[in-house]
Amino acid sequence: MAGIPQPTGCDAQETGPAHAPGRHDNAATRRWGHTSMWRSREGPTPAKSSAPPRIPTPSPRPAWVLANRREPIGSLQEHYNNLCKEKSKKINPFILHILQGVDEEIEQGLEGITLNVAGNNQLIPVERVTGDDFWILSKVLEKNPYINGLDVRYNILRDVGAYYAAKLLQKQYNLIYLNLMFNDIGPEGGDLIAKALYKNVTLKYLRMTGNKIENEGGMSFAAMLQINSSLEKLDLGDCDLGMQSVIAFATVLTQNQKIKGINLNRPILYGEQEESTVHLSHMLKENHCLVELHMSKHGMRNGGMKQLCDALYLSKSLRYLDVSCNKITRDGMVFLADVLKSNTTLEVIDLSFNRIETAGAKCLSETLTSHNRSLKALSVVSNNIEGEGLVALSQSVNTNLTLSNIYIWGNKFDEATCVAYSELIQTGCLKPDNTDVEPYVVDGRVHLAEVSNGLKKHYYWTPTYGEACSHSANAGFNLVPATSKTGVREDPSLGNWRMFGFVSQPATSENIVV
């Protein structure tokens, strides 16, 4: 790629940030305001040089590099400290603090650890990770067998960090989960990561959410899927993909039999012909392994919904369909209701933020009451449904024992609606964790309050306090896990990776995906 130097020899192994694409001066982006609390741990801050030394002095190698021994001689903290001094880079106290927690987990004998360096952590002071910081961190993690997940969401890696993320994917053979969401990575960085996955055989789940890789980066990832045989879930939501790259994904996925889940939310589309929906519908007719498909914000109308439903008659694998935030109305529900009479694979449908109204809700209710016995979760949040339609859906939940989760907040509640859902919860037909409303009584009248439950409440964020990967807040990913048995759970946005505080989540018998 133009503009990317190709180091050779010793330089290929020890190339510093000066050789990476789009280098920025990170001094202006430092936001740390409480470094005094870390001084006793990090010591004096070394002076920053313009570039790393070309021939570095080898540092002592931890035991996990030397042999098959499972007990490291040196800690990750010490390794990070030594590398910062060796490369004349400023120590990031946030990273140092995270590595201290991981060292403690390793000492306890835990494996399958997810290193959480999320830049939006509200519980502790955070100095967001830059491309230079990630260079050092990637070297610490290169051959560590204890860490198989890395979450660096909401930092400022940019294309510099993407360069080192690509290098890490080529050298770290234990990494199965990588979250790079919202790191200001552009098309060039996206291309580097995609090309690194050509030969990678371990990564199962990659999140690029919110990085504006645009059409160019999207085409690189589509080309990668023609070669990579290990990646099972790819999230390219909010990446400014163009129509060309959406069509490329639809074409590639007719042949790729490994991808189980893909997120193509909010592409940049200019036409009114619903081309993205047409091409993805054709893909569904040919693909027999895709489990999870996210098509939020595609501008889908009723014509596109008909195309999609025609494909669902032939699809034998899709279990989770997300068509939220589109322009589907009650006419589109006629097509969906007809499909649900015969489709036995769909288990989760997200219709949030459309406009199906009362007529559409009643149409779905009729099918769910009399015919379908496979759907487990339905979200109709903010669909302009009035009381009659909501009561009809409550009757479906009461009759259909398979339909366990329903989300209705944002519609027009009347007294009959409040009473109906209150009775469902009180009788045990609807568990409180499986809906987003909770009844309460004022002056003898029943009302409904919103509860923070849903199919993917924590897609963009995780709570500061409480259970970050709660099943009730991320029911869609728990009902339909898209990745195979990898030793760790999915991430809530994502699936079920532990995202609370700064500690990581070890693999246990309770969090292995089947």
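**Note on the aromatic pairs and helix packing**

1. Tyrosine 460 has a relative accessible area of 30%, so this residue counts as partly exposed. The model is a predicted one, and the values below are computed from it. The ring of tyrosine 460 pairs with that of tyrosine 459 in an edge-to-face arrangement, with 4.7 Å from centre to centre and 85° between the planes. The angle is over 60°, the cut-off for edge-to-face.

2. Tyrosine 459 itself is buried, because its relative accessibility is 4% and the limit for buried is under 20%. In the chain, tyrosine 459 belongs to the loop between β13 (445–450) and α17. Its C-alpha atom is separated by 8.2 Å from that of asparagine 474, a residue 15 positions away along the chain.

3. What else surrounds the ring of tyrosine 459? Two charged side chains deserve a look. Arginine 207 lies over the face of the ring, 4.7 Å from the ring centre. The charged end of lysine 456 also sits over the ring of tyrosine 459, at 5.5 Å from its centre.

4. Over the whole structure, the search finds 8 aromatic pairs. One of them joins tyrosine 320 and phenylalanine 477: the ring centres are 5.8 Å apart and the planes stand at 50°, so the pair is tilted. Tyrosine 320 is in strand β8 (residues 320–322) and phenylalanine 477 is in helix α17 (residues 475–479), so this pair ties together parts that lie 157 residues apart in sequence.

5. Helix packing comes next. The axes of helix α12 (residues 302–312) and helix α13 (residues 330–340) come within 8 Å and cross at roughly 5°. The two helices α12 and α13 are therefore roughly parallel to each other, since angles under 35 degrees fall in that class. On the α12 side, the residues that meet α13 are Asn302, Met305, Lys306, Cys309 and Leu312. Their counterparts in α13 are Asp331, Gly332, Phe335, Leu336 and Val339.

6. A second pair of helices is formed by α10 (residues 243–252) and α11 (residues 275–286), which pack at an angle of about 10° with their axes 8 Å apart. By the angle, α10 and α11 are therefore roughly parallel to each other. Helix α10 contributes Met243, Val246, Ile247 and Ala250 to the contact, and α11 contributes Glu275, Ser276, His279, Leu280 and Met283.

7. Some totals for the chain complete the picture. The protein chain has 17 helices and 13 strands. Of its 514 residues, 58% are buried. Among contacts with a separation of 6 or more, 80% are between residues 24 or more positions apart.

How values were computed
Residues numbered from 1 in each chain as written. Predicted model: local features only at pLDDT ≥ 70, side-chain atom pairs only at ≥ 80, totals over all residues. Heavy atoms only, no water. Phe/Tyr/Trp six-rings, centres within 6.5 Å; stacked < 30°, edge-to-face > 60°. Helix = DSSP H or I, 4+ residues; strand = E, 2+ residues; numbered from the N terminus. Buried < 20%, exposed > 50% of the residue type's maximum accessible area, 1.4 Å probe, protein only. Lys NZ or Arg CZ within 6 Å of the ring centre and 35° of its normal. Contact = heavy atoms within 4.5 Å. Axes fitted to C-alpha atoms, helices over the stretch in contact; angles between N-to-C directions. Parallel < 35°, antiparallel > 145°, perpendicular 65-115°, else oblique.
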